[in-house]
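Colleague: I would like to learn how to read helix packing in a model. Please take me through it.

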Amino acid sequence: MEYTQELKNRLKRLEGQVRGVIRMIEEGQHCKDVVTQLSAVRSATDRAIGYIVAKNLESCIREADQEGKNAEDAIQEAVNMIVKSR
């Protein structure tokens, strides 16, 4: 699987969010605000995982199709990755 600039940009934004949370903690921001931002980080992480799994699955299915193989194993592996991420 090739990692796109879009994915790298997504992860850089996530990195910025985490740095923002650290700054909030260092500044003594209210815990409710910190937790709100951490929830946003978790959501962004989940979306990044979903994106990577989807692109990987797409790539594996195409590869299996080109090789005349059954894509069932690739699909099951993708499902397992999603389950592990939870």
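Modeller: Two packed helices are described by the angle between their axes and the distance between the axes. In this predicted model, the axes of helix 2 and helix 3 (residues 72–85) come within 9 Å and cross at roughly 170°. Axes are lines fitted to C-alpha atoms, for helices over the stretch in contact, and angles run from 0 to 180 degrees between N-to-C directions. Helices are DSSP runs (H or I, at least four residues), numbered from the N terminus.

Colleague: What does the angle make helix 2 relative to helix 3, roughly parallel or roughly antiparallel?

Modeller: Roughly antiparallel, a label for angles over 145 degrees. Contact means heavy atoms within 4.5 Å, and among the residues making it are Ile49, Val53 and Cys60 of helix 2 and Ala78 and Met81 of helix 3. The contact of helix 2 with helix 3 has 10 nonpolar, two polar and no charged residues.

Colleague: And the cores?

Modeller: In soluble globular proteins, nonpolar side chains tend to be buried together. Here the largest nonpolar core has six residues: Leu14, Val21, Met24, Val34, Val41 and Ala44. Such a core joins buried residues (under 20% relative accessible area, 1.4 Å probe, protein chains only) through side-chain atoms within 4.5 Å. Helix 1 (5–26) and helix 2 (31–66) each give two or more residues to this core.

Colleague: Which residues does Val34 touch?

Modeller: Val21, Met24, Ile25 and Gln29, leaving out residues up to four places away in sequence.

Methods:
Residues numbered from 1 in each chain as written. Predicted model: local features only at pLDDT ≥ 70, side-chain atom pairs only at ≥ 80, totals over all residues. Heavy atoms only, no water. Buried < 20%, exposed > 50% of the residue type's maximum accessible area, 1.4 Å probe, protein only. Parallel < 35°, antiparallel > 145°, perpendicular 65-115°, else oblique. Nonpolar A, V, L, I, M, F, W, Y, C, P; charged D, E, K, R; others polar.
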